[in-house]
Amino acid sequence: MTLEVIGPGFGRTGTNSLQLALQHLGFGPCHHMHEVGAHPELLPAWDAVSWGGSGDWNTIFRGYRSQVDWPGARVWRELAAYYPKAKVVLTVRDPDEWFTSFSNTIVPFTLNRHEHPDAHGRAIALLVNRLINQQIFGGRMADREHAVRVFLDHIEEVKATVPPERLLVFDVKQGWEPLCRFLEVPVPDMPFPRVNTTREFNDPQWKAEAS
């Protein structure tokens, strides 16, 4: 099995909804940060990547047909080169809406990393701090102006790097049609998934299940 879809979009751009959509369309299982939470055995390989190691992508993504969200989105260039036939779906969102959601979910989860009650949750928060806060946002993930600039620059970098015929810039508000057209699959007769709201992210029961 090899990755058929790569998702370089930042967390809080509808990546969990896209994960469920891809799985429904036959591109599952789909790797997402939730997978690292649910499967602790995945964490050591991503820890190694976060410390500068080279990823053994076939091992890391064994059993997966697609990838969205961090930590995979941190290494989107490497994945796009390693899986040259994979299509790329870049999730986007209004930047101010994105930062508000980001600052109410991932930022406190990361910056309060030493306060998580369980060891696996702390380990994931430490991974997120290294891989995302430090390496993507330069340690300034809580700085709105800086984070939004990084967010917008990332979108432009992906668009400038990935050939247009291989790339879909996708807002989950658009629903099934553009995604299915791009992936050349039929449109399902069901609503597009809408999951992992800020409230769901911060719900204690959700946290326990995700970490």
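# Exercises on Helices, Sheet and Rings

Pro95, Asp96, Trp98, Phe99 and Thr100 of helix α6 meet Arg144, Ala147, Val148, Phe151 and Leu152 of helix α9 (contact means heavy atoms within 4.5 Å). The model is predicted, so local features need pLDDT of at least 70 and side-chain atom pairs count only at pLDDT 80 or more, while totals for chains, interfaces and linings use all residues. Residues are numbered from 1 along each chain as its sequence is written, and side-chain values use heavy atoms, with hydrogens and water left out.

**Exercise 1.** Describe how the axes of α6 and α9 cross.

*Solution.* Helix α6 spans residues 95–104 and helix α9 residues 144–161; helices (H or I, at least four residues) and strands (E, at least two) are DSSP runs numbered from the N terminus. Their axes come within 10 Å and cross at roughly 120°. Axes are lines fitted to C-alpha atoms, for helices over the stretch in contact, and angles run from 0 to 180 degrees between N-to-C directions. α6 is therefore oblique to α9: under 35 degrees counts as roughly parallel, over 145 as roughly antiparallel, 65 to 115 as roughly perpendicular and the rest as oblique. The crossing of α6 and α9 is right-handed, meaning that the near helix is turned clockwise from the far one by less than a right angle. The residues of this contact divide into 7 nonpolar, 1 polar and 2 charged (Ala, Val, Leu, Ile, Met, Phe, Trp, Tyr, Cys and Pro count as nonpolar, Asp, Glu, Lys and Arg as charged, the others, Gly among them, as polar).

**Exercise 2.** In what order do the strands form the sheet, and which helices pack on the sheet?

*Solution.* The order of the 5 strands is β2-β3-β1-β4-β5, in an open sheet with parallel pairing; two strands pair if DSSP finds at least two bridges between them. At the edges lie β2 (30–31) and β5 (167–170), each pairing on one side only. Strand β3 (residues 66–67) runs parallel to β2 and is joined to β2 by 2 bridges. Histidine 31 has glutamine 67 in β3 as its bridge partner. Helix α9 packs on the sheet and touches β4 (87–91) and β5, its direction making about 160° with that of β4. Helix α10 (residues 176–183) also packs on the sheet, where it touches β1 (5–6), β4 and β5; its direction makes about 175° with that of β5.

**Exercise 3.** Determine how α1 and α10 cross and which residues meet.

*Solution.* The axes of α1 (residues 15–24) and α10 come within 12 Å and cross at roughly 50°. The two helices are therefore oblique to each other. α1 passes α10 in a right-handed crossing. Leu18, Ala21, Leu22 and His24 in α1 meet Trp176, Leu179 and Leu183 in α10. The contact of α1 with α10 has 6 nonpolar residues, 1 polar and no charged.

**Exercise 4.** Classify the ring pair of tryptophan 70 and phenylalanine 137.

*Solution.* The whole structure holds 18 aromatic pairs. Rings of Phe, Tyr and Trp (its six-membered ring) pair if their centres lie within 6.5 Å; planes under 30 degrees apart count as stacked, over 60 as edge-to-face and the rest as tilted. For tryptophan 70 and phenylalanine 137 the centres are 6.4 Å apart and the planes stand at 85°, so the pair is edge-to-face. Tryptophan 70 lies in the loop between β3 and α5 (76–82), and phenylalanine 137 in the loop between α8 (119–134) and α9, 67 residues apart.
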